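Please look over the sequence and the three-dimensional view before reading on.

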Amino acid sequence: MKRSKHKALRATAALIAGAAGAAMVGGLASASPKASGGHITLTYWNGFTGPDGPTVKALVNEFNKTHPNITIDMSIMPWDTFYTKLLPALASGSGPDIEAMDTQQLPQYAEKHVFLPLNSYYQHSPDTHALAKGAVAATRVNGTQYGVPVNYAPLMMYWNKTLFAKAHIAGPPKNWSQWMSDAVKLSHGGKSPQYGIALADNNTIPVWPILLWENGGGIVNSSITKSVLASPQSISAVEQWSKLIIKDGIAPKNITGADADSLFQAQKAAMEVNGPWATTGYTQAKVNYGLAPVPAGPKRTLTLTDVTAMSINAKDSAAKVKAAETFFNFWNAKATQIDYAVHTGFVPTRTDVTAAELKKNPQVALFEQAGHNAVPYQLGANFTNIDTNTWTPAIEKILDGAPVKSTLESASQQIQSYLG
Amino acid sequence: MATRTLKSRLWYPWATKQRRRRTRVAYLFMAPSLIVLGVFMFYPLVRAGWLSLTNYSFFGASRFIGLSNYGHLVHDPQFWRDLVNTLYYAGVVTPVSVALALGLALLLNRKGLPGRGLFRAAIFLPAVVSFAVSAIVFRFMFTPSIGFLTYWLGQIGIHVPDWLDSVSLAMPAVILVGIWKNVGFYMVIFIAGLQTIPKELYEAASIDGATRWRRFSNVTVPLLSNTTMFVTVIALIASLQAFDQIYVMTQGGPAFSTETLVMLIYRQGFTNFQMGYASAIAYVLMAIVLMLSLLQLKFFSKRVVRY
Amino acid sequence: MATTLSDLDPPASTARRSGFPTRRRSGEASRFGTAWAVTMASVAALVIVLPLVWMVATSFKPEGAIITAHPSFVSAQFTWSNYSGAWSAIDMPRLLLNSTIFAGGVTLCSLTFDSLTAYALARLDFPGKNVIFVLILITLMLPFQVNLIPLFVELTNFHWINTYQGLILPRATNAFGIFFLRQFFLSIPAELEDAARVDGAGDLRIYRSVMLRLATPAVLTLALFHFMYNWNDLLWPLIISSNSSMYTLASGLALFTGQHVIQYGLVMAGSTLAIAPMVIAFLLIQRRFVESIATSGIR
C-alpha cells in the first residue's frame, strides 16, 4: 500500500507540473507581438497548402523584411478548415485582419458585410489599372469591390502527345466535333481501359460549366437572376457529353478532380481540362503533353478562370487598412507577380507582364493567352446551394443513368427558388 | 456458475450519516470531470439548443423563432433521405464491426499464438491512421483502371466496378472503410475485457468438466457482457454519427447517396451558414441516438452480471 | 465462428498452474489449432494492412513514379527524398513537441478525471447517479460539429485560442473514457473491495490500489486510445490554433494536400512518420498487458 501511495503522489505531482508547464508554454506561445510604436502586425489567413505554400511563404517573408513597420503573420490552413472557422472567428472578433479566398465564395461573405469595400483603394491606388480585368471583375459583388486578386488561373486543355500519336491524330482538337470524335478514337475498354478525356464533376475545378457555356447555355444568366440550366442549349450540351460518357465510354463517370489528374498522369486519359498548377506534376511524371486552348464550342469559345482574392476585415483600424493596402500593392507589383508566376505557374494578375519576363516558365505565357477568353464561375451569394447542393448532384445523377431533361429541369427549378 | 463468487452490498441504507458522507465522497470523486464537462460540453450544448430555436447564421440579428426549425425539418426531404442513409450505414456497420471485433479478439487472445502482438498491432493499425490519409489511399485503390485494386484484379480478369463513383455502390464502399477503420479498435477493447476475466473461473469450469462451448457460454459470455454492452453502445453511437471518412471520401456524393445526418448538419451549418437549423437537426439526431442507446442499455442490463 | 470457438480455452499457462489434468487437445490437435489460428489471423491482418503497406511503399517512391499505368508496390526508383522533403517543409520538431504536449496532456488529465468519475459511478451508491450517468452519455451523443461553434466562441472569450490550455482543457475529461472505465470497474469482484475495507481502506485507497491496479489493462488501453485519438486529430488543433507554431503533427501534415494538387509522396512519408510512434506504443502496451495479468494478484 505504501509503495502505491508514493506512486500516486508522484503521478499527481507530475500531472500538476505537466499542466502548469503546458500552461506556461501556452502563455509564451500566445504572447504574439502587438501593434506598438507605429509597428503593425496583420494576421493573414489563407489555404495555400500544397506546392503553392512555399512560394507564398517566401514572398511574405520578403515583404516582412522590406517593410520593417509591418509584419504579416500568415496562417496557412486547409481550405476546409479555413471555411469552417472563418465566419465564426469573424463573428466572435478573433478573425484575421486579411484573408484570401476563392472569389466563387466571396459573395456569400460580402453579403454578411464582414469585408471592407475596396472601391476607394481601386481609385487611389495607381497600380490597380494594370490588373487583369477578368480577375478584378471576379472580386466585384453587386458593383462593389470586396477583394484584390491573389492569383489568376485560366483553364486549358492538356493533351497527351504520345497517346494522340498512337491513335494517329495529328494535333489537339480545334472545335467540338473534332473534340468528340478524337475522344471516341482515344478510348478503349479491355483489361486496362483508356479514356479519351478525364472529365471530373465533383471536388474539382469546374469543367462541366465550360461545356454548357460553349454551347450557348449555362447554369445561371450573367446577372445571376435566372436559372438557364433548363434552356435547350444547356440540355443539349449535357445530352451530347453524357451520351459520349455513358455509351462510348470516353470518360469515367462521376470522378473527382484528383482522380482525373491521376488518370492523365498515368497516361490512361488522353485529355484533361485543368489549371496551370498541374504542369509541375505531369512534367515530373515525364508525361509528354501539350497545352491547347479549350476547343471552340458551337456557340462560343470560352474557358473558365479561377481567381483567388484577398479581402480586409471590416473591423480593421485605419492603420491596419493602410498596412493591408501596402501589402496588396507589394503583392500585385510587377516583380512579385513575375516571381510568383514563374514558381507556381499561375498567370500574373497584371496584364503588363511580357512573355520575355516569364521565359523561365514559358507555359505561363500560354495560360496568359488562354485568359483572354476566360470568365470566372460566378453564382452569387447562393454559390454553395446552386453548385454543390444542386448542380453537381444533378450531373452525378445523369451520369448514373437518370434522364437528362427532367433531371436538369428539376435542378433548374431548385436553382430558381434560391435566386428568388 | 459465475455467481459462485458474487455477493455484495456496497452501502448501508440504515445509516443516513454514512449515506451523506458517501454522497459527498462520490461527488468529490466526480468533481473534476463534472466541472470540465459542465464548462466545455454542457454549456455549449445548451447554447446549441438555444440556437436551434433561432435563425442564427453567424452575422446579422438572430431572431427567436420557436420551433419553426423543427417544423421545417419534418418537411425537409433532405432530412428524411439522410436519416435513411444514416440508419442504413449504422444498421450494417454496428453489428458487423462488433461481431468481427469479438471474433478477432477471441482469436488473438489465444496464449502461445506466434506473433500475437504483431497481429493485434496490424489489425489495430487502421485506427491509428488519419482519415485524410486513409481516404487518399482508398481512392487510390479504387481509381478506375489505375487503382492498384482495380488494376490487379483487372489483370486477372475480375472487373471491379467503380465503387466510390456509383450512386448504388458508394455506400457499401464507405461502409467497408468504416468497418476497416474501427474493427481493430473494438477488438482491443474486447481483448482488454477478456484479460480481466479472472482465470480461476475457467479453472473452476475445467474442474467441473465443462466443454469448451460451455466455458464460452457460461464464463466468457456473461463475464464479457459489460464489455460487449460498452462496445455495442459505442459502435452504434459512432456509426450514427458517421462523418469523417464519408466527408473525405465522397463528401456525401454521388448525388447525396452517402450523405449522413451529421454531414447534413455540417453542410447546413458550415457551408450554408444555417447554424440554427443545423442545431435543430443535431438535437433530433441526439434524441434518436439517445433513444436507441437507452434501448440497448435496457436490453443489456437484463443480461449483465453484477457483482 | 467455428474456428474462433475452438480458441476459447483458458490460457495454457493457467491450466498448467492449476495442476489439473485437462481434457484438452493432444499435441497434434493443438498444433493443428495453432496453424489454423495463425492462418486466420494472417489473412485478416493482410487484408486490413494492405492499404497501409501501399502507403509506406509509396512514401519511398519519387513523386513522378507514384501514379503510373501499371501500379506496383515497389518502384525501381527507391528514394528517401520524401522523408527529407517532409522534414524540411514543415517544422517537424515543433509539431512533434506540440503533438506530444497536446496528446500527452489530454491523456494524463483525462485518465485521472475519467477514472475518478468511473469509480464513483461503478462502485459508490448515491442519489442522482443514474441522472449523471445518462447526462455523461448524452455528451457522447451530440455530434461534435454542433458544439464546435459555441465552444469556439467560449474559448475566444477566455482568450484561449492559440494556447495549450485551450487545446487540452476542453478534452480533460471524456464521456467515452468514463463509460469505458465504469464498465471495467463494474466487473471487479466485490470481495477484493470488501477485503480492503475490512483492512480499513478508504475510497481513495480502494480506487487506487484495487480498481486502478486490477483494471490496468483497461487503463492502459484507454491511455492508448486517448493518446492516439488526440495525436491524430486534425480538426480540433486547426480550429483552436491559427498560428502554425501551435499546429500538431496531424494538422501540419494536412498542409501537404493542396487545393488542386496532392503531394502524394510527402503525405505518405509524413503519415508514416506520424503513425510510427503509435505502433511502437501499441506494441509496448501489448507487452504490459501480459505483465499486468501476471502481477495483478487476481488469481
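## Domains of chain A

The structure described here is a predicted model. Chain A is divided into two parts: domain 1 covers 40–154 + 306–376, and domain 2 covers 156–304 + 380–419. The C-alpha centres of domain 1 and domain 2 of chain A are 28 Å apart. Where these domains touch, domain 1 of chain A contributes 20 residues and domain 2 of chain A contributes 16 residues.

On the side of domain 1 of chain A that touches domain 2, two or more residues come from each of helix H4 (106–110), strand E6 (148–154), helix H15 (363–370) and strand E12 (374–376) of chain A. H15(A) gives the most to this side, with 5 residues. By class, this side of domain 1 of chain A holds 12 nonpolar, 6 polar and 2 charged residues.

## Helix H2 of chain A

Helix H2 of chain A comprises 15 residues (residues 52–66). At 1.5 Å a residue, H2(A) should span 21 Å, and its end C-alpha atoms lie 22 Å apart, which agrees. The buried residues of H2(A) are A:Asp52, A:Gly53, A:Val56 and A:Val60.

What covers the buried residues of H2(A) includes strand E2 (70–76) and helix H14 (334–344) of chain A.

## Strand E3 of chain A

Is strand E3 of chain A, residues 98–102, largely enclosed or left open? In E3(A), 5 of the 5 residues are buried, so the strand is largely enclosed by the rest of the structure.

A:Trp45 stands opposite A:Glu99 in E3(A). A:Met101 stands opposite A:Ala309 in E11(A).

## Chain C

Chain C contains 15 helices and 0 strands. Of its 299 residues, 53% count as buried. Among contacts in chain C between residues at least 6 apart in sequence, 73% join residues at least 24 apart.

## Contacts between chains

The contact between chain B and chain C involves 93 residues of chain B and 99 residues of chain C. Helix H1 (residues 16–51) of chain B supplies the largest share of the side of chain B that touches chain C, namely 17 residues. That side of chain B has 65 nonpolar, 18 polar and 10 charged residues.

The contact between chain A and chain B takes 29 residues from chain A and 24 residues from chain B. On the side of chain A that touches chain B, helix H3 (79–91), helix H11 (257–265) and helix H16 (383–399) of chain A each supply at least two residues. H16(A) gives the most to that side, with 6 residues. By class, the side of chain A that touches chain B has 12 nonpolar, 9 polar and 8 charged residues.

Methods: Residues numbered from 1 in each chain as written. Chains lettered and ligands numbered in written order. Predicted model: local features only at pLDDT ≥ 70, side-chain atom pairs only at ≥ 80, totals over all residues. Helix = DSSP H or I, 4+ residues; strand = E, 2+ residues; numbered from the N terminus. Expected span 1.5 Å × (residues − 1). Buried ≥ 20, exposed ≤ 12 C-beta atoms within 10 Å, placed from the backbone. Contact = placed C-beta atoms within 7 Å. Nonpolar A, V, L, I, M, F, W, Y, C, P; charged D, E, K, R; others polar. Pairing = 2+ DSSP bridges. Domains from an automatic or database assignment.
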